[in-house]
Amino acid sequence: MTLSQAQYHPHSGHATSIETFSAFGRKQDQQPPIVDEEPWQPFSCHADFEFAELAHNAALNKDHTDELLRLIWRIADGQAKLTFKSHRDVSSAWDRVAGQMTPFKKHTITVRHKWEDLPFDVYTRPLWDWALDLLHDPLLAPHFVWDAQRLYKHDGTHFERFFHEPWTADRWWNVQSSLPENGVPFAFMLYADKTHLSSAGTVKAYPVFARCGNLPVHIRNTDGLGGGRMVGWLPIVPEDSEQDGKLTYVNLKRIVWHEGFLKLLETIILYAQTGYAYLCYDGIVRWLYAFILLLSADYEEQDKKAGEEALKKRGLWPVMNVFWRIPNSNPHETISQDHLHIDGNKLRDISKQILYTAHNVLTCTDDEAGYALLRCIASYLHIDMYVSLDVHTTSTIEAGKAEVLKFQTHLEEYMAIIDETDPDVTKNWNFPKMHASKHIFNDIIAKGAARNFSTRPNEKQHGPIKRWYLRQTNREDIASQILELDHKSFIAEFIRSRIVFLDEERHKLTLSWEELEEEDDDDEPFEAHLHIGSPLRNLTSIAQVEEDNRSNRAFDQFRKKLATFLNHFLPSHHIPLPDGIRWLKLSPQDQVHKHRYLKVHYESTTTWKLATDYLRCSPSFHGHECRDCALIRTQDKDSNDRNIFVKLLFVFKHTVGERTLDLALVLPMDASPRRRLLDRDLRLTRLCARPTASSEFITLHSIIRGALLVPDFDNHGDYFLVDYVDTDMFLRVQRNLI
């Protein structure tokens with residue numbers, strides 16, 4: 001008999017045991033596990049755990065989880081009915097609705113290369129069929145614009161032309177002038193750029209997106225109904241390290257690109273020549289002539305000229321550009337300078353901070369080259385702000401062009417310093433992105449504001465493609481799978497837009513005429529241009545305010561200064577003092593109601609539309625003290641109107657008689673600063689704070705808008721205005737409106 005022996009650790013308290021080897025490893029006399037009757041705890045119930053696990057495994061985000069729960073509870077409460085019982089049911093439903101919108105079609109093109117015919121697959125959503133989807137949509141139909149317009153605004157002395165949408169610019173006007181009298185342009189805006197689907201970069205895609213230039217930008221630049229839509233999936237020539245860079249291989253890539261794009265454009269070539277009769281929403285039959293208004297492509301496709309010259313030198317002919325086949329679609333006119341490709345979002349944000357963080361490091365005495373670079377950056381930022389305008393006038397375009405010349409001068413000065421101080425540097429500044437900025441203002445005159453040809457809205461659409469690849473494909477034949485998912489999204493947006501519209505119309509039926517008029521006239525949740533929010537729960541006595549801020553000299557004589565302000569402010573605004581008194585006196589027990597948040601509406605100098613700033617005045621906002629600044633309207637000692645910047649110190653409401661006033665204690669930034677060479681060279685607006693004890697009271701209704709100020713760390717009490725924070729503040733500075 002074979003035996004086994006088990007020796008236990010001395011601390012275990014178990015004696016050595018001997019048993020037959022056949023019994024080794026068998027557990028005897030073991031107590032059965034305790035049965036937990038509610039193993040899903042601490043989840044409230046079994047179903048809660050099932051849902052949480054499913055949401056986790058499906059990687060649902062917060063919005064998706066909330067939406068799914070709302071649907072489940074609507075079904076549970078009997079407010080909705082669900083008939084799906086399996087994945088097959090869901091797939092069948094998608095199949096039934098697939099035909100409501102134009103689907104993708106697969107094409108195979110053959111390209112001759114080195115005596116071999118190479119096949120490439122191209123997927124397209126026929127462009128004209130996609131256009132008809134938009135035209136037939138009753139929710140979009142009222143928004144189409146057909147005719148070119150030249151718009152002018154009177155500035156007090158003369159009319160000045162302005163540009164924003166594509167139909168307000170020159171190219172649309174010229175295209176319509178070339179058409180028959182009853183013909184109007186139908187503008188396609190196309191974007192093509194490769195993207196990596198896998199994190200390693202080995203799997204790539206070449207989607208093409210389209211937008212309709214006849215729809216306004218607030219519809220056109222969205223991802224939803226009437227916004228950007230994937231219309232093509234171009235083939236990518238496989239990388240070949242041995243062939244890469246050779247002219248024949250470069251030529252192959254270009255041929256494949258243009259032959260693939262031709263398949264996308266096939267359905268609009270005819271209507272670009274003959275027009276398409278269409279009964280529009282306004283009851284007028286128009287002949288729609290297709291043309292390519294804009295093409296945004298990567299620089300591999302844009303920068304063809306140098307490549308063509310190189311081909312000619314070797315006896316090779318360049319590839320025929322497919323866009324020449326479409327009238328009014330000259331490829332040199334369709335391609336535009338892309339603002340994103342000039343700087344990129346991250347670099348753009350960083351560049352706006354450099355001047356304020358580096359001006360006291362890269363000084364003209366300590367670092368001549370660094371200082372010259374800062375001057376270049378300041379000029380570049382001015383160009384960037386002019387380009388970023390959503391509405392351009394003739395004067396802003398001229399100012400932008402002039403700034404380009406200034407930038408070139410600053411750049412040449414910087415290059416000269418570098419050549420002198422560091423001759424080993426061989427940087428070539430004549431690269432395409434630098435050169436293209438010289439032409440961007442001509443593009444704006446031709447095609448409207450830069451946001452019309454920005455790639456930002458389109459590059460965001462790479463995100464869903466990457467997510468579909470990672471989460472919903474088997475990594476094989478990815479094009480057909482991704483395009484099927486995109487088509488489902490297209491259909492879902494189409495149906496969702498109608499559901500939202502139906503819900504809105506049903507909601508209107510529940511409203512009275514008065515409520516309907518209020519919704520139509522004003523969708524703002526507050527009156528005038530100001531909303532004061534985040535109130536403290538309890539009112540505070542003036543004595544308590546003074547006590548709480550005893551160490552802060554800005555609150556010295558708080559009660560006396562407030563009384564003086566009210567006795568001047570109320571009569572000057574024809575607000576009678578209570579009970580017929582002639583001089584208002586405040587007692588220490590009078591109360592104020594402190595608030596920590598302001599919402600300010602103002603008319604943008606850029607678009608002449610309503611804009612909003614959100615201001616904080618809080619001792620702790622996300623763990624830090626936050627005292628925002630603002631531009632206010634006030635008067636000097638001679639009663640002349642002027643605008644100054646202030647820092648919000650204490651925002652509150654105070655009631656006098658039956659009138660509740662919105663007030664703030666502020667620190668004015670209107671002391672006279674000493675103008676410095678630095679300010680002139682780097683185009684900085686320097687402000688100087690008054691002594692802390694010189695705080696003043698203002699009415700919140702004197703606030704024009706918010707402002708961002710940063711301290712000059714070398715000069716206590718001095719601040720710089722960050723006029724690059726938005727285009728409105730930038731134009732106010734340029735026009736001396738501050």
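The side chains of Asp 556 and Arg 553 meet in a salt bridge, at 3.2 Å from N to O. A salt bridge here is a side-chain nitrogen of Lys or Arg within 4 Å of a carboxyl oxygen of Asp or Glu. Arg 553 is exposed, at 53% relative accessibility. Asp 556 is partly exposed, with a relative accessible area of 29%. Those words have cut-offs: buried means under 20% relative accessible area, exposed means over 50%, and partly exposed lies in between (1.4 Å probe, protein chains only).

A word on the source. This is a predicted model, in which local features need pLDDT of at least 70 and side-chain atom pairs count only at pLDDT 80 or more, while totals for chains, interfaces and linings use all residues. Residues are numbered from 1 along each chain as its sequence is written, and side-chain values use heavy atoms, with hydrogens and water left out.

Now for the other salt bridges. A search of the whole structure finds 34 of them. Glu 493 and Arg 229 form one, at 2.4 Å from N to O. Glu 493 sits in helix α19 (residues 478-509) and Arg 229 in strand β11, so the pair ties together parts that are 264 residues apart in sequence. Helices (H or I, at least four residues) and strands (E, at least two) are DSSP runs, numbered from the N terminus. Glu 493 is partly exposed at 23%, and Arg 229 is buried at 5%. Another bridge joins Lys 653 and Asp 662, at 2.6 Å from N to O. Lys 653 is partly exposed at 24%, and Asp 662 is buried at 13%. Salt bridges can also link up into a network: Asp 613, Arg 705, Asp 726, Asp 728 and Arg 732 are joined in this way.

Arg 229 leads us to a sheet. Seven strands form this open sheet, in the order β3-β4-β11-β10-β7-β13-β12, with mixed pairing. β3 (105-113) and β12 (276-279) stand at the edges with a single partner strand each, so one side of each has no neighbour in the sheet. From one strand to the next, the twist averages 35 degrees. What holds such strands side by side? Strands of a sheet pair through backbone hydrogen bonds, either parallel or antiparallel. Here two strands count as paired if DSSP finds at least two bridges between them.

Follow the pairing from β4. Strand β4 (residues 116-124) runs antiparallel to β11 (residues 229-233), over two bridges. Tyr 123 stands opposite Trp 233 in β11. β11 also pairs with β10 in the antiparallel sense, over four bridges. β10 in turn runs antiparallel to β7, and five bridges join them. Phe 209 of β10 has bridge partners on both sides: Tyr 191 and, in β11, Met 230.

Is β10 covered or open? β10 is mostly covered, with six of its six residues buried. Pro 207, Phe 209 and Arg 211 point one way from the strand, while Val 208, Ala 210 and Cys 212 point the other way.

Helix α7 (residues 247-274) touches β3, β4, β7 (183-192), β10 (207-212), β11, β12 and β13 (285-297), and its direction makes about 165 degrees with that of β13. Contact means heavy atoms within 4.5 Å. Helix α18 (residues 462-472) lies across β7, β10 and β11, at about 140 degrees to β10. For these angles, axes are lines fitted to C-alpha atoms, for helices over the stretch in contact, and angles run from 0 to 180 degrees between N-to-C directions.

Next come the aromatic rings. Rings of Phe, Tyr and Trp (its six-membered ring) pair if their centres lie within 6.5 Å; planes under 30 degrees apart count as stacked, over 60 as edge-to-face and the rest as tilted. By this rule the count comes to 29 aromatic pairs. Trp 128 and Phe 186 form an edge-to-face pair, 5.4 Å centre to centre with 65 degrees between the planes. Trp 128 lies in helix α4 (residues 127-135) and Phe 186 in strand β7, so the pair ties together parts that are 58 residues apart in sequence. Trp 128 is buried at 2%, and Phe 186 is buried at 0%. Both belong to one aromatic cluster, whose members include Trp 130, Phe 144 and Tyr 271.

We finish with a buried charge. Lys 594 lies in strand β17 (residues 591-603). Lys 594 is buried yet has no salt bridge, and the nearest side chain of opposite charge, Asp 548, is 7.4 Å away. For charge, Lys and Arg count as positive and Asp and Glu as negative; His and the chain ends are not counted. Among the residues that Lys 594 touches are Ser 534, Pro 619 and Phe 652, not counting residues up to four places away in sequence.
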